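Here are my notes for your first look at this model. Keep the structure open and check each point as you read.

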Amino acid sequence: IVLRFGSRVSTIDYSQDGNFIAAGSEEGLVSVYDQRSQLTFKSNPSHQGPVLHVSIDPKGEFVVSTGCDGMLQIYAFENTEAEGPKLSVIKQIKITNNQIPDGSMRLQTAWHPSGERLAVSGDIMLGIINRNDWMLNCEKEISHEKAISLCEWSKNGVYIMTVCEKNVVKVWDFPSKAMVSNISNSDTIWSLSWGPTGNKVAFIDNEGNLGIWEHVIPHEFVNPSKVTDSTAPNQSVLANSINNEMEQSEVMASMEMGMDAEGQNVNQEDMSQQVVIENADGEEGQQEQIVFNAAGDDEEQVEQTGTEKYIRLDEDQEKQIQQALNFYHHNINAEPQEKFMPGATEEVSTRKLLHWGIVGKMVWRNEGQFEAIDIEFNDTS
């Protein structure tokens, strides 16, 4: 037994390095177990009602929780001789004006893989909290018709998936704020997670069924599990990642003015845009260089040498390419994989499986007077 509560465990999370295990209870308490030091850090009752979600900072310095009271709490680890190990609240933020007595919303938070920002649900617009000031900022471009209940970063930190109360799922290229996928689901999504490799997202619905969406990111985009430079907190892969320090709109404006990436005047006939092909499914692509023809030739001229292909376009094709580079919007009607999990553990059961894998499993159990989480390893030798 690593964590013990006086009421039912309502949420659980573990750190990326596997050292910390965090859990929240229906009585509004949060506890974290440090496996290295074998210390348990506990909070005072900080939520008026059950805890809906807990999330551990990738850097192992903070823990975040949300509750049915619509509040977000940010905790820091403390360990003093006088009070011992505990979780101290350093910030409280109201993320929704709605009370959620029945836990019908998840109010999920998601740390960026770099740990520099925190995505927050609860409003129709996605909330972002930066680590340096803990201030909540709303992203107006990333929004739904109904309040967002779930959000999750891709493994490379470039994409973020959001789910609203109407079960509409959207995927965004965060740096450009452009939507790249739109998925409708008939059942209420209760939890989701990007696959550690490949282009997949696993989800659990409110009936306890497990499903998988495949090919979530369009084929021509970078694989969501491919780690880019510095975990890409500000790197956009929209339109195959224009390999340039300027934003895409600046690139287009420079082209129209006859200037190169460094602001130098160039010949329009020699102007070109380098595009690296690296698709979302991880397949090897080729390198294309699109040459914009200011003279307006009527026919395409194609030259191919090795892995490079040069295409000369007319004016109409130029405009189409420019529009595509400025904004790429791709809707997919991906049907979830057929359910292959028979269902959730029965409500009346006193022993529930929370998580399982190659190493072992986490089990919640009710002993009448108390509740506990057990970790059982497959290799008992």
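1. Start with one term. Two strands count as paired if DSSP finds at least two bridges between them. Strand 19 and strand 20 meet that rule: five bridges join them, and they run antiparallel. One place to look is A202, which stands opposite I212 in strand 20. Bear in mind throughout that this is a predicted model.

2. Next, the inside. The largest nonpolar core has 19 residues. Y159, M161, W213 and V216 touch the most other members. Strand 15 (159-164), strand 16 (168-173), strand 17 (178-184), strand 18 (189-194) and strand 19 (200-205) each supply at least two residues of this core. Another core, of 18 residues, lies apart from it; C68, I100, V120 and I129 are among its members. As a general point, nonpolar side chains in soluble globular proteins tend to be buried together.

3. Look at S186, in the loop between strand 17 and strand 18. Is S186 buried or exposed? S186 counts as exposed because its relative accessibility is 70%, and the cut-off for exposed is over 50%. S186 and D205 are 19 residues apart in sequence, with their C-alpha atoms 9.7 Å apart in space.

4. Compare that with A76 in strand 8 (residues 71-80). A76 is buried, because its relative accessible area is 15% and buried means under 20%. Between the C-alpha atoms of A76 and K86 the separation is 8.4 Å, and the two residues are 10 apart along the chain.

5. Two hairpins deserve a look. Strand 4 (residues 30-34) and strand 5 (residues 39-42) run antiparallel and are joined by four bridges. D34 has L39 of strand 5 as its bridge partner. This hairpin has four residues between the strands, and Q38 takes a positive phi near 60 degrees. The other hairpin joins strand 25 to strand 26 through three residues. Five bridges join this antiparallel pair, and L353 has V363 in strand 26 as its bridge partner.

6. I358 sits in the loop between strand 25 (351-356) and strand 26 (360-366). I358 counts as exposed, at 82% relative accessibility. With V359 and F377, I358 makes a nonpolar surface patch of about 380 Å².

7. Last, the charges. How many salt bridges does the structure hold? The structure holds eight. D57, E61 and R131 are linked in a network. D57 and R131 have their closest N and O atoms 2.7 Å apart. D57 lies in the loop between strand 6 (51-56) and strand 7 (62-67), and R131 in the loop between strand 12 (125-130) and strand 13 (136-143), so the pair ties together parts 74 residues apart in sequence. Both D57 and R131 are buried. R131 also meets E61 in a salt bridge, at 2.8 Å from N to O. E61 counts as partly exposed, at 42% relative accessibility.

8. One more salt bridge joins E145 and K166, with the closest N and O atoms 3.4 Å apart. E145 is exposed, with a relative accessible area of 67%. K166 is partly exposed, at 47%.

Technical notes: Residues numbered from 1 in each chain as written. Predicted model: local features only at pLDDT ≥ 70, side-chain atom pairs only at ≥ 80, totals over all residues. Heavy atoms only, no water. Core = buried A, V, L, I, M, F, W, Y, C linked by side-chain atoms within 4.5 Å. Buried < 20%, exposed > 50% of the residue type's maximum accessible area, 1.4 Å probe, protein only. Patch = residues over 30% accessible without salt bridge, like charges linked within 9 Å, V, L, I, M, F, W, Y side chains within 5 Å. Areas by Shrake-Rupley, 256 points an atom, 1.4 Å probe, with all protein chains shown as cover. Salt bridge = Lys/Arg side-chain N within 4 Å of Asp/Glu carboxyl O.
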